[in-house]
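Thanks for sending this one over. Here are my notes, point by point, to read alongside the model.

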Amino acid sequence: MLRLTIVTIFPDFFTAPLALSIPGRAAAAGSVSYEVVDLRDFTHDRHRTVDDAPFGGGPGMVMKPEPFFEAVDAIGATSPIVLVSARGKPFAQADAVRYAGGTELTILCGHYKDVDQRVADHLATEEISLGDFVLSGGETAALAIVDATARLLPGAMSDLDSARTDSFWGGSELSAPSYTRPAEYRGQRVPEVLMSGDHAKIAEWRAAEAKRLSHVRRSRKA
């Protein structure tokens, strides 16, 4: 079983999503247990303060290190401890596979302007980003990581082979397009090869389309 813990100042953000769809099915199958920890439970003032002004001045507020360190100590978390951060390395399918193959995953959600760098340097074992954009907090990114990981666990999907044909499985290539009934809709027809019954030709078409789309959409440098 994967023990998955999320540390956040907004625990209610996760209540419904973790119980729905694939994450919920993974939990029901006994493949994962979720724990959402309120970071404010590890503060020591009556205002339950988790942020302060940055040293050196400047706009915005920075999340304090003490609550994060104390929360992780209380959880007894071990690697991987992931801080979701715009400065992190881009999250990839390989990360989801790695997390799903483990027994423990802890995700730290930042908020406000930033998180004290000591959390990244001396508490988290890795920093992960969803891409080159900024969210209002780490909660949305944490849910994306949870979903990508949980769907790979036993019992989460009725057909795990479906995941093995997704984009990025085993590499960086996109998957081929998919079609279903009706065969024609508003004048747009499904490629004839997909209805031919020739599985060799279908596999060849899908491989060619995956290669073509990967080249067109992913080969350009940022």
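1. What share of the 222 residues in the protein chain is buried? Buried residues make up 41%, where buried means under 20% relative accessible area with a 1.4 Å probe, counting protein chains only.

2. A word on the basis: this is a predicted model, in which local features need pLDDT of at least 70 and side-chain atom pairs pLDDT 80 or more, while totals for chains, interfaces and linings use all residues. Residues are numbered from 1 along each chain as its sequence is written, and side-chain values use heavy atoms, leaving out hydrogens and water.

3. On the overall layout, the protein chain has seven helices and 10 strands, taken as DSSP runs (H or I, at least four residues, for helices; E, at least two, for strands) and numbered from the N terminus. Its C-alpha atoms fill a box of roughly 70 × 40 × 30 Å along the principal axes.

4. Spanning residues 2-8, β1 has six of its seven residues buried. From β1 the chain crosses through helix α1 (residues 21-28) to β2 in a right-handed β-α-β crossover, that is, a clockwise path from the first strand over the helix to the second with the strands pointing away from the viewer.

5. Now the neighbours of β1. Strand β2 (residues 32-38) pairs with β1 in the parallel sense over seven bridges; pairing requires at least two DSSP bridges. β1 also runs parallel to strand β6 (residues 104-109), joined by five bridges.

6. Val-7 is a handy landmark: its bridge partner in β2 is Val-37, and in β6 Val-7 stands opposite Leu-108.

Methods:
Buried means under 20% relative accessible area, exposed over 50%, partly exposed in between (1.4 Å probe, protein chains only).
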